[in-house]
Amino acid sequence: MIKLLIFAAFFAVLLSVNLAYAQHHGGSAAPPVSFGDKQVTISAALDPADFNPSKDSTAKLNVRFFDSKSNTNIEKVTYRVQILSGETLLAAQMFYDSDGELTVKIQPKSGCAEKEVWRCTKYEGDKDPIVPSALTSSATSTPIMKGPVFDKPGPYTVKVAIIGATNPKTQTTEDIEFETTINIAQEQQLSLATTTGKTPVTVRTFQDEITNFQFTESTNTISFEMPFHWEHAQHTPMIRTDIEIPKSFANFQNVNSFKGTVNGIPIFSKDLSLDTYSNKDTNVLHFVITGEELKMLAKKVTDKHTMVVQIMPDASAVLKSTDVKFSNGYKATISYDPRYGSSKDVSFTMAFFDSSGALAKDIRYAYSVQDYKGKEFIVNTGKNGDILGIPVPSGADSRLITIPSKGAYTLQMYLIGRGLVDFDPYVPASLKFNISDVSPDTKPDTKSDTKPDTKSDTKPDTKSDTKPDTKSDTKPDTKSDTKPDTKSDKDKKTDKKDTKKKDTKKKDTKKKDTKKKTTTKTVKKPTSSTK
């Protein structure tokens with residue numbers, strides 16, 4: 001009974017934690033704007049994030065209105081939501097939600113014959129009693145949108161205007177408007193050509209179609225291109241492409257890690273991950289670059305309208321894999337790359353198996369990460385307010401977890417349930433892991449003093465990761481090792497003895513000044529992040 005209460009209390013705390021900006025591949029967050037004493041923004045994302053209109057009949061559009069500084073929701077919000085494909089308006093409707101997290105069920109339907117496409121979109125739901133033109137979104141009432149919305153692959157623009165907030169009867173002085181993009185994946189059937197023939201692969205892109213897809217057998221390198229306007233990199237939250245490769249493809253059968261370049265520039269090791277669990281016949285190679293890295297790459301690329309990608313096996317990778325057992329007979333095989341790179345993001349893959357050893361599809365889980373002191377700096381319980389946990393339809397999940405510095409950590413996991421049925425109680429397990437090896441993507445840091453091109457990308461990491469260590473590790477040693485030797489050298493009795501003493505005093509004074517300056521500097525605390 002005590003354990004049940006502990007778990008209940010623990011997850012009550014988890015439920016009160018608001019997760020940071022949308023990081024899923026099906027949506028993004030808009031730049032914040034001023035609202036009273038707050039900096040507010042909205043995030044828009046699809047659930048599932050990899051929604052495919054040719055396979056899935058419904059999706060949920062989640063729109064959140066929150067304070068970007070405190071990461072807390074703004075309550076009692078009236079939204080006007082418009083969805084466009086290019087310049088074509090597909091839907092326009094007002095909604096009211098009391099907790100700041102709007103959820104609308106989308107049922108795509110193609111074949112609109114209307115000249116004005118938005119007329120084909122219909123809406124169902126409970127009308128709000130205070131805002132009559134709005135449909136209510138709540139835990140017991142989810143409005144429905146039916147029509148030519150998200151019915152085809154490609155980018156969609158979601159425009160959200162906040163009509164009122166903090167009070168259902170109060171309207172804002174003027175509409176607070178936001179605009180974000182949601183990308184619907186499209187599939188391309190391509191092939192890897194070798195001397196023995198062509199191996200078909202399925203490529204899913206969450207942006208424009210890729211072109212010039214090639215395989216170089218001598219280096220086992222996959223290359224492709226896609227249109228990309230690098231001047232817009234700062235407004236692009238993520239680039240993602242998935243390549244499904246048959247397990248029978250001989251060239252990659254003993255490969256479990258990859259490295260790559262974008263326009264000839266090396267990318268972080270976390271940008272490429274391999275899912276070997278989700279499908280019994282194929283492995284999925286994930287190519288994912290976050291917005292921050294895109295901004296860094298944009299400073300270096302010369303072709304401003306094309307992204308050229310090369311992916312090849314990484315022989316230097318040290319992938320660690322551990323089985324974590326749960327008390328109900330389930331287990332999770334957790335794989336991660338222990339190398340610490342300048343991106344600070346570590347890729348984890350979790351494959352869940354039931355008590356019979358079969359892949360546990362439709363599992364739901366939550367996790368947190370603690371540092372060596374036991375301080376919890378990441379909590380993720382999923383983003384669906386109605387059902388607790390991160391849903392894993394395939395039984396395998398990949399996560400990018402931001403690790404603040406090299407060292408020892410604990411991954412605490414809880415199995416929440418399977419499908420719509422919760423485990424009672426939730427089932428815990430933990431994994432202790434160490435991030436200590438150095439990734440190749442940290443090499444530019446050591447050259448930042450001599451190569452100007454690398455300064456813009458690596459300077460922040462050099463400051464936070466290496467300078468404090470250099471000061472604490474080397475300067476005290478230099479003082480303690482050289483100073484006593486200089487003063488105790490009795491064999492050097494020359495006419496220049498007095499001069500040397502004066503020079504030594506000057507050096508000592510400079511060292512003391514340096515020491516004072518050093519001790520007054522503060523080391524920035526690592527910030528937490530959820531991925």
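This report covers strand pairing, aromatic contacts and charges over rings in a predicted model.

Residues are numbered from 1 along each chain as its sequence is written, and side-chain values use heavy atoms, with hydrogens and water left out. Because the model is predicted, local features need pLDDT of at least 70 and side-chain atom pairs count only at pLDDT 80 or more, while totals for chains, interfaces and linings use all residues.

**Strands**

Strands are DSSP runs (E, at least two residues), numbered from the N terminus. Two of them pair if DSSP finds at least two bridges between them.

Strand β6 (residues 77-85) pairs with strand β7 (residues 88-97) in the antiparallel sense, over nine bridges. Valine 77 stands opposite aspartate 97 in β7. The two strands β6 and β7 form a hairpin with two residues between them. Glycine 86 sits in that turn, with a positive phi of about 65 degrees. β6 also pairs with strand β12 (residues 154-164), again antiparallel, over seven bridges. There, leucine 84 has threonine 157 in β12 as its bridge partner.

An open sheet of five strands runs in the order β16-β17-β23-β19-β20, with antiparallel pairing. β16 (211-216) and β20 (265-266) stand at the edges; each has a single partner strand, so one side of each is left without a neighbour in the sheet. Within this sheet, five bridges join β19 (residues 258-262) to β23 (residues 306-313). Valine 262 has valine 309 in β23 as its bridge partner.

**Aromatic pairs**

The structure holds 18 aromatic pairs. Rings of Phe, Tyr and Trp (its six-membered ring) pair if their centres lie within 6.5 Å; planes under 30 degrees apart count as stacked, over 60 as edge-to-face and the rest as tilted. Two edge-to-face pairs are listed here.

| Pair | Centre to centre | Angle between planes |
|---|---|---|
| Phenylalanine 150 and tyrosine 156 | 5.0 Å | 75 degrees |
| Phenylalanine 377 and tyrosine 409 | 5.8 Å | 65 degrees |

The pair of phenylalanine 377 in strand β29 (residues 376-380) and tyrosine 409 in strand β32 (residues 407-418) links distant parts of the chain, 32 residues apart. Buried means under 20% relative accessible area, exposed over 50%, partly exposed in between (1.4 Å probe, protein chains only). Phenylalanine 377 counts as buried at 15% relative accessibility, and tyrosine 409 at 6%. Phenylalanine 150 and tyrosine 156 are buried too. One aromatic cluster is formed by Tyr336, Phe348, Phe377, Tyr409 and Phe433.

**Charges over rings**

A charge sits over a ring if NZ of Lys or CZ of Arg is within 6 Å of the ring centre and within 35 degrees of the ring normal. Arginine 64 lies over the face of phenylalanine 66, 4.0 Å from the ring centre. Lysine 331 lies over the face of phenylalanine 353, at 5.5 Å.

How values were computed. Helix = DSSP H or I, 4+ residues; strand = E, 2+ residues; numbered from the N terminus.
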